[in-house]
Amino acid sequence: MNLFERFLTLWVGLCIVAGVALGHWLPGPFQAIGRMEVAQVNLPVAVLIWLMIIPMLLKIDFGALHQVREHWKGIGVTLFINWGVKPFSMALLGWIFVSHLFKPYLPADQIDSYIAGLILLAAAPCTAMVFVWSNLTNGEPHFTLSQVAVNDLIMVFAFAPMVGLLLGLSSITVPWDTLLLSVVLYIVVPVIVAQLWRKALLARGPQALAGTLAMLGPLSLVALLSTLVLLFGFQGEQIIKQPLVIAMLAVPITIQVYFNSGLAYLLNKKLGVAHCVAGPSALIGASNFFELAVAAAISLFGFQSGAALATVVGVLIEVPVMLSVVKLVNASKGWYESKVS
């Protein structure tokens, strides 16, 4: 990793602080940016997300799907966590903490909205940051590519029904057209653009793709940090006015990350999966596609909603907590590869 990537946690923290401060001191410009939307989708955020995701998606060869058979145990574990555990465990944690333990301290009219935001966050498996986590754990690249490809394909069809099911159980009406539009804009369109671009680059030779990826690498990180500034700028006033709410929403999200990554890691060990697969499998299983979650929350419930705030808290928690999980995975490699459970 270069110096910039090595201190990513620091840059993320600085961008969060900068976003909150700018949103508090300059609410007018951020409100103006917030109004730049089409069909309830914010255009500046969409552009930044595409700038971040498309360079990552350029690395994906959907022909790598045939390698699912080679890493089927690790992929099976991750899919089980992503679609069979994480959305439901988050709904349960939201019910325990938001609807019960923290309920007396939260705005009564936002309880359902907070839970909706948590569910949106958990129902979107990570796409863009997967490559960062895999790289930091020396993950098997073909496994990561296969896993992302499979998750993207499943998410196109399963994200909206999964969210609809869980939000429906919470007695919340889901505007399916808006939710499906978010899936198309934040998954389908970037995947198509990236694959067409990849094909054009490979037609000029592998070096053309490698050169483009090297050039776009810093752009992707800058887009990530700029997105954080913008998102936290949108929520700057709420974060400053509601620090206790932020802290309470962070509790179920943090528990969720450690629980799912730990469960995936242990399941991989029990199944005899190599550490270079188990590491990214655990991290992919625990992390979230927070860009999609934030976009869907804003589209469904608005910028000032509890759902939008909950997903933004997910952004706040995602990178620092996932970096701590990376350290735990790397530090436990000796234990993981030992024969004693």
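## How helices cross

A crossing of two helices is left-handed if the near helix is turned anticlockwise from the far one by less than a right angle, and right-handed if clockwise.

## The model and its confidence

Local features in this predicted model need pLDDT of at least 70, side-chain atom pairs count only at pLDDT 80 or more, and totals for chains, interfaces and linings use all residues. Residues are numbered from 1 along each chain as its sequence is written, and side-chain values use heavy atoms, leaving out hydrogens and water.

The protein chain has a mean pLDDT (the predictor's confidence in each residue, from 0 to 100) of 82, with 88% of its residues reaching 70 or more. Among the chain's elements, helix H12 (residues 243–270) has the highest mean pLDDT, 94, while helix H1 (residues 3–6) has the lowest, 62. Helices here are DSSP runs of H or I, at least four residues, numbered from the N terminus.

## H13 beside H5

Which way does helix H13 (residues 275–286) run beside helix H5 (residues 72–101)? The two pack at an angle of about 15 degrees, and their axes are 9 Å apart. That makes H5 roughly parallel to H13 (under 35 degrees; over 145 is roughly antiparallel, 65 to 115 roughly perpendicular and the rest oblique). Their crossing is right-handed.

In the contact (heavy atoms within 4.5 Å), the H5 residues include Gly74, Val77 and Lys86, and those of H13 include Val277, Ser281 and Ile284. By class, the contact of H5 with H13 holds five nonpolar, five polar and one charged residue.

## H13 beside H15

H13 also packs with helix H15 (residues 306–331), at an angle of about 160 degrees and with 11 Å between the axes. H13 is therefore roughly antiparallel to H15. The crossing of H13 and H15 is right-handed.

On the H13 side, His275, Gly279, Leu283 and Ala286 meet Met322, Val325, Val326 and Val329 in H15. These residues divide into six nonpolar, two polar and no charged.

## H10 beside H15

H15 has another partner to look at: helix H10 (residues 206–234), whose axis lies 10 Å from that of H15 at an angle of about 140 degrees. H10 and H15 are therefore oblique to each other, and their crossing is left-handed.

Which residues of H10 meet H15? Leu228, Leu231 and Phe232 do, and they touch Val312, Val315 and Leu316 in H15. The contact of H10 with H15 has six nonpolar residues, with no polar and no charged ones.

Note on methods
Axes fitted to C-alpha atoms, helices over the stretch in contact; angles between N-to-C directions. Nonpolar A, V, L, I, M, F, W, Y, C, P; charged D, E, K, R; others polar.
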